[in-house]
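Subject: Structure handover

Hello,

I am passing on the structure we spoke about. Please look through it first; my notes follow below.

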2 protein chains.
Amino acid sequence: MCEKCRWRASSGLATLSPVYDYDLVVLGSGPSGQKAAIAASKLGKRVGIVDRRDMIGGVCINTGTVPSKTLREAVLYLTGLSQRDLYGSSYRVKDEITVSDLAARTQHVIARQTDVIRNQLARNHISMITGTGRFADPHSIWIDGGSARETKVSADKVIIAAGTRPARPSSVEFDDRTIVDSDGVINLQAVPRSMVVVGAGVIGMEYASMFAALGTKVTVVERRERMLDFCDEEIVESLKYHLRDLSVTFRFGEEVASVERHQTAALCVLKSGKKIVADTVMYSAGRQGQTDDLGLEAAGLTADKRGRIAVDEHFRTAVEHIYAVGDVIGFPALASTSMEQGRLAAHHACGEPTRDMHELQPIGIYTIPEISFVGATEDVLTDSATPFEVGIARYRELARGQIVGDSYGMLKLLVSPDDGKLLGVHVFGTGATEIVHIGQAVMGCGGTVEYLIDTVFNYPTLSEAYKVAALDAVNKMRNITRIDG
Amino acid sequence: MCEKCRWRASSGLATLSPVYDYDLVVLGSGPSGQKAAIAASKLGKRVGIVDRRDMIGGVCINTGTVPSKTLREAVLYLTGLSQRDLYGSSYRVKDEITVSDLAARTQHVIARQTDVIRNQLARNHISMITGTGRFADPHSIWIDGGSARETKVSADKVIIAAGTRPARPSSVEFDDRTIVDSDGVINLQAVPRSMVVVGAGVIGMEYASMFAALGTKVTVVERRERMLDFCDEEIVESLKYHLRDLSVTFRFGEEVASVERHQTAALCVLKSGKKIVADTVMYSAGRQGQTDDLGLEAAGLTADKRGRIAVDEHFRTAVEHIYAVGDVIGFPALASTSMEQGRLAAHHACGEPTRDMHELQPIGIYTIPEISFVGATEDVLTDSATPFEVGIARYRELARGQIVGDSYGMLKLLVSPDDGKLLGVHVFGTGATEIVHIGQAVMGCGGTVEYLIDTVFNYPTLSEAYKVAALDAVNKMRNITRIDG
């Protein structure tokens, strides 16, 4: 094996193929694209990654996840919301929070995170190909870098990680000021006094939470009768309770019939005849795959009407050497799962042995308070007639809960009475998206509720909730055994 | 089995003993005492817990862990320290932070946490016996409740959970204003401009961090050449670096020869002849078991010269029906381990089958930044000639690290190259004491580094550091295998 040019040696069969510019070209530099490129590069491959100069990191970094989570952190801090339990309900770090207070932090984080990604790509000797890519044929891609002449690159394998954009209903006149979509909302020029959020999905509810925390009067309009119905029902009820406490109004089972723009506000008319005046209307009505300009037909591929590309269990499209990963393949369209898809697709494309994607995929929702879970919900277990016991811990009973001023948080364990295995872990409140991984590790490594009972947790932490909830579940099961034998 | 008076039925042999007022009396209501009492009560026992009205929750709640961690949270928030990376280094929520700003929060949390404990004890039908306890004989305890006449209670089993107080060198004149111990420091009337901390143990370093963050010029004097030497050396070095950045001076291998109180300050003279003027001198020179007034001799027990009581692996003292748990038995003297000791001692006393204490006990140190680890350090593994590979993740490369403004945090995994098992998990930075439990769960449930590689973590979280560090370790091991076969 040649030590100097390891990639060649480890490329194996690739030496039989025609010589391409790259072993792998990745279209899109969002979470799934980055992880795909890095994984292939670590296997010694020559990798190129295509994206526009102003879109390094994809939607995730530039208009989606990262700005929204940064905004959320700034909102929590500047409103003092999490501290009100301790310092009184009128407490605020800043009396008048302006968009520039919020935007400063967001721009800072985006700039740094973009740097980190550039650095990671460079360190792994991945070529950054600046521009937008369009298939010329199944192994070649035109790169439009904005200059007069396009260039062309060729690749043995291609991974499409083109992402999505907000779907914009054609009947709505978006102006990016009064009527915005979920990508545009981070560029608002002022914190609106009132807002209608159309669509109670994850993104809609995350922004509804943030603006409610900022003092905006928020009305959520949702076509269906429920929201976030893949989550634990009790936790969704708690979220609704807390949002109503921040003056949010919910209109379930309702649809927007029309939105009229007026001088300084918009008038929303619902199909039921209700009218709502709001400074801002935000549509959060699903997302559309960004595949229109990829020249898919030149590669022998098609997308569905939502712009999505179909893949098999190895993330391979209908064309064997072309893969697709991330939001562009649809559900669950979370940065976390997309990254794993990227890594697995790259390994498969490079002929590395791959395992299936881990079945325990956590869901994290950055509402205020935040929600995270892994495994089954009570509803799913009941529907499948799987017995379970519930163990609950409330943050307000934990020293750490008191210290951080979280009196509403809770952790719920669903435990199998047969073997003590954890069937589901549901967390609501401070740090939910972090501490859910403790339960996930127990589930993933084959532990039981007994592990949690015997474990020593740092004091004072929120993680202690696991022990409290485990004891609660085991005490209930013991009481049943006493009666039931 | 009698359903109405279950405790009798489940007491088993206890019916042969003389009738006592209680099945179990616990002396002290700190973390270990509470958990002992609750565990016994859940087994159907009649339990009494003895403590002074103003000491419910023990030192932990009233002068130790909880006030200190609450103070820390207030310091972090009010100084804006964690936000400076985002808003600039002169950023502060409050320009002049007063002791009353800090104390308000602490008093609030103490009051609530005391309520929670009272409630938990009441809900579990545990009798609160108000006063201080003193053995009359091995099964009887005098209760001095402050009134003229003492009362006496009897118990089949006794658990001593009397805790500790700061050791006060006899040569030092403590005045609780200028010269204080670590319990007195939370009652300071003003934030000192300068401070000498004598002793670089956990408590000393936690307070040194907090006051440094508040802008106090801190000098740490430590007799030994190193500090926190049970921790990862790289992390302790990082801590020192960060504290020096907050103007902390370290004097290792030095001792205080004398402390003179002057009008508004104290003059510390070190044995090396160096002199230090400081508004406040805090001694943090170990802790002493609170056993002087327990009447141990009446129970047939003795304490060592540091007031500690010796126990066996079941936390039994030399007298078979008397147990001791928590700080009063010495190392590690952490609330987290003490709670587990309490539970295990109660189970053993009640004849329940008990397991040994889990060997994976995490250490959490609430310095700024915080430190937590579980398992072995590099030094320990090297000393025992155990091969390991290191996997590192830096917070600044994680989106969440950027969002929360933590550019210094890191997670280090020590992985066995033989079987991929985790040998140690070391975390430095935001949330260290929480996320260490993810690695602890993997270790405790028999998982390997492969689990972490295949796991999907919520994005953006600090927990993602596990995946990054795991990939780092595995890539290094793969490179070695390539060369070494």
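In chain A, D137(A) stands opposite S140(A), a residue of strand 5 of chain A. Strand 5 (residues 140–144) of chain A and strand 4 (residues 132–137) of chain A pair in the antiparallel sense over 5 bridges; two strands pair if DSSP finds at least two bridges between them. A hairpin of 2 residues joins strand 4 of chain A to strand 5 of chain A. Strands (E, at least two residues) and helices (H or I, at least four) are DSSP runs, numbered from the N terminus.

This is a predicted model, in which local features need pLDDT of at least 70 and side-chain atom pairs count only at pLDDT 80 or more, while totals for chains, interfaces and linings use all residues. Residues are numbered from 1 along each chain as its sequence is written, chains are lettered from A and ligands numbered from 1 in the order in which they are written, and side-chain values use heavy atoms, with hydrogens and water left out.

The two chains

Chain B is superposed on chain A by a rotation of 180° with 0.0 Å of shift along its axis, at an RMSD of 0.0 Å (least squares on the C-alpha atoms of residues with pLDDT of at least 70 in both copies). The two copies are thus related as by a two-fold rotation axis. The same surface serves both copies, as 99% of the contact residues of chain B recur in chain A; contact means heavy atoms within 4.5 Å. Of the residues of chain B, I438(B) comes closest to the rotation axis, at 2.2 Å (C-alpha).

I438(B) is also among the residues of helix 13 of chain B that meet helix 13 of chain A. The axes of these two helices (residues 432–444 in each chain) come within 8 Å and cross at roughly 10°. Axes are lines fitted to C-alpha atoms, for helices over the stretch in contact, and angles run from 0 to 180 degrees between N-to-C directions. Helix 13 of chain A and helix 13 of chain B are therefore roughly parallel to each other (angles under 35 degrees count as roughly parallel, over 145 as roughly antiparallel, 65 to 115 as roughly perpendicular and the rest as oblique). Their contact has 8 nonpolar, 2 polar and 2 charged residues. Here Ala, Val, Leu, Ile, Met, Phe, Trp, Tyr, Cys and Pro count as nonpolar, Asp, Glu, Lys and Arg as charged, and the others, Gly among them, as polar.

The antiparallel sheet of chain A

Helix 13 of chain A lies across strand 18, strand 19, strand 21 and strand 22 of chain A, running at about 170° to strand 22. Those strands belong to an open antiparallel sheet of 5 strands, in the order 18-19-22-21-20. Its edge strands are strand 18 (363–365) and strand 20 (389–394) of chain A, each pairing on one side only. Strand 20 of chain A is joined by 6 bridges to strand 21 (residues 410–415) of chain A, where L414(A) is the bridge partner of V390(A). Helix 8 (residues 233–245) of chain A also lies across strands of this chain, including strand 22 (422–428), to which helix 8 runs at about 5°.

The parallel sheet of chain B

Chain B has an open sheet of 5 strands with parallel pairing, in the order 8-15-9-10-11. Strand 8 (179–181) and strand 11 (249–252) of chain B are the edge strands. Strand 10 (residues 217–222) of chain B pairs with strand 11 of chain B over 4 bridges, and V221(B) stands opposite R251(B).

Regards
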